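Dear colleague,

Please find the structure below, followed by a short account of what was found in it.

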Amino acid sequence: MSPSVKLRVLREKCQGHARCHALAPELFVLDEFGNAREASAAPLPSEFEDKAFIAQANCPEGAILVDVSREG
Ligand code: F3S
């Protein structure tokens, strides 16, 4: 079974740098303060997985978790 990749923003760490949204607007929604949350809690379509890791690597607060599950 192919791995399932999910994205989560840690609200308590996010400081609104918005790099995640700039790099992957399909995956993040910004609130009125510019803080991000994940656009969906569902496993990502495979074509967006690379973008999730790029966003994670570019968040200066370490507020983005990318969870890879091999259990589907
Ligand atoms: Fe927040 Fe990091 Fe995005 S601080 S707005 S999760 S780049």
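Leu 23 is partly exposed, with a relative accessible area of 36% (buried is under 20%, exposed over 50% and partly exposed in between, for a 1.4 Å probe and protein chains only). This is a predicted model, in which local features need pLDDT of at least 70 and side-chain atom pairs count only at pLDDT 80 or more, while totals for chains, interfaces and linings use all residues. Residues are numbered from 1 along each chain as its sequence is written, and side-chain values use heavy atoms, with hydrogens and water left out.

Leu 23 belongs to helix H1, residues 19–23 (a DSSP run of H or I, at least four residues, numbered from the N terminus). Leaving aside residues up to four places away in sequence, Leu 23 touches Lys 51, Ile 54, Ala 55 and Asn 58 (heavy atoms within 4.5 Å). From Leu 23 to Ser 46 the C-alpha to C-alpha separation is 16 Å, with the two 23 residues apart in sequence.

As to the ligand, the residues surrounding it include Cys 14, His 17, Arg 19, Cys 59 and Glu 61 (one heavy atom within 4 Å). The shell around the ligand divides into 6 nonpolar, 4 polar and 2 charged residues (Ala, Val, Leu, Ile, Met, Phe, Trp, Tyr, Cys and Pro count as nonpolar, Asp, Glu, Lys and Arg as charged, and the others, Gly among them, as polar).

Yours sincerely

Conventions
Helices (H or I, at least four residues) and strands (E, at least two) are DSSP runs, numbered from the N terminus.
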